[in-house]
Amino acid sequence: MSKEVLVKSLAGIKVLSKPVSNESSESYTLSSEQFQFYEDNGYLVLKELIDFASLYSYKQRFLQICKGLVPTSMAHIRVTKEPELAKQNLKPEQCINKLTDFLYDEVLSTYGEHQALLSVVSQFIGDDITAVNSMFINKPPGASRHPGHQDLFYFPFRPAEKIIASWTAIDHVTHENGCLYVIPGSHKEKKLYEHGDKQNALKHYHGLDEDILAPLDKQVHLEMSPGDTVFFNPYLVHGSGPNRSKNYRKAISFHFANSSCYYIDVKNTVQEHLAKELEEYSKTKGLPINYTDFWRMKSKQMKGIRSNL
């Protein structure tokens, strides 16, 4: 037994480094009704798309990282904690809100390689697929809300119709523990709204005017079971509530773009202040970088040929 395997065993964590499942090679063919629902509403939920073995591996890898068995610096994984929970000297799982930028982690990155997932993504944006963002969201009890926003606000590349998000429930996701909400049809105007810092939100979370663009009577809450996956348009207004339960709400999410997407100049747009914020933040970390290069460094080819991204 290798030293690495022994350490994992002593820690009481079983990890499948490469998820293996009889279902993992299956594709998923969308119906015309499903395409139409996505076009009309801007999102689509597919039940049990991701198999249990894969979900188990993602969850155990997260616990490995919480226990310090996987140095996050090795894969350049960023860890974000809930500020109020972090002050309480809790265990990592009890205060970590999310992991990001794990496209080169040998376990978590396999979510973006899952054949059923990629088969759906390719039907929406084409076969040349670049993963541009990665998140493992933990949302422990007491975690804050994620204000209403549009994902396209963060991305300096276009066209929007060649970008899609996938978000898979690892735990049972309920209204009480902070499920996603969406505003059906909010993508249709193809308009990117002003976003600003929001009270009671994590650092670098931005939100739009929810009273106008995401009123409570328009919100549709997506309660999901493990393996259920929602795909949504980058213009879609969505957010999530706080976790008021005693349970964790774990999920994994990627954003994908067709590799032919191109970078844009965000100067004099609603995204300009975000770009400046990130560039200033990078300077404080001793690694000054411009907004475009930041996203280029975060991306990884998942399928087909890489061109512009």
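This is a predicted model: local features need pLDDT of at least 70, side-chain atom pairs count only at pLDDT 80 or more; totals for chains, interfaces and linings use all residues.
## Strand pairing around β4

Two strands count as a pair here if DSSP finds at least two bridges between them.

β4 and strand β16, residues 300-303, run antiparallel and are joined by three bridges. Within this pairing, A131 has K300 of β16 as its bridge partner. Strand β14, residues 251-258, also runs antiparallel to β4, and eight bridges link the two. Here you can find I137 opposite A251 of β14. Strand β3, which spans residues 96-100, pairs with β4 over three bridges, again in the antiparallel sense. If you look at L99, its bridge partner in β4 is F136.

## How enclosed is β4?

β4 covers residues 129-137, and nine of its nine residues are buried, so the strand is largely enclosed by the rest of the structure. Buried means under 20% relative accessible area.

## The four-stranded sheet

Elsewhere to look is an open sheet of four strands, ordered β5-β13-β8-β11, with antiparallel pairing. At its edges stand β5 (146-149) and β11 (220-222); each has a single partner strand, so one side of each is left without a neighbour in the sheet. On average, neighbouring strands of this sheet are turned by 25° against each other, direction ignored.

A handy pair to pick out on screen is Y181 and its bridge partner in β11, H221.

Key. Residues are numbered from 1 along each chain as its sequence is written. Side-chain values use heavy atoms; hydrogens and water are left out. Axes are lines fitted to C-alpha atoms, for helices over the stretch in contact, and angles run from 0 to 180 degrees between N-to-C directions. Buried means under 20% relative accessible area, exposed over 50%, partly exposed in between (1.4 Å probe, protein chains only).
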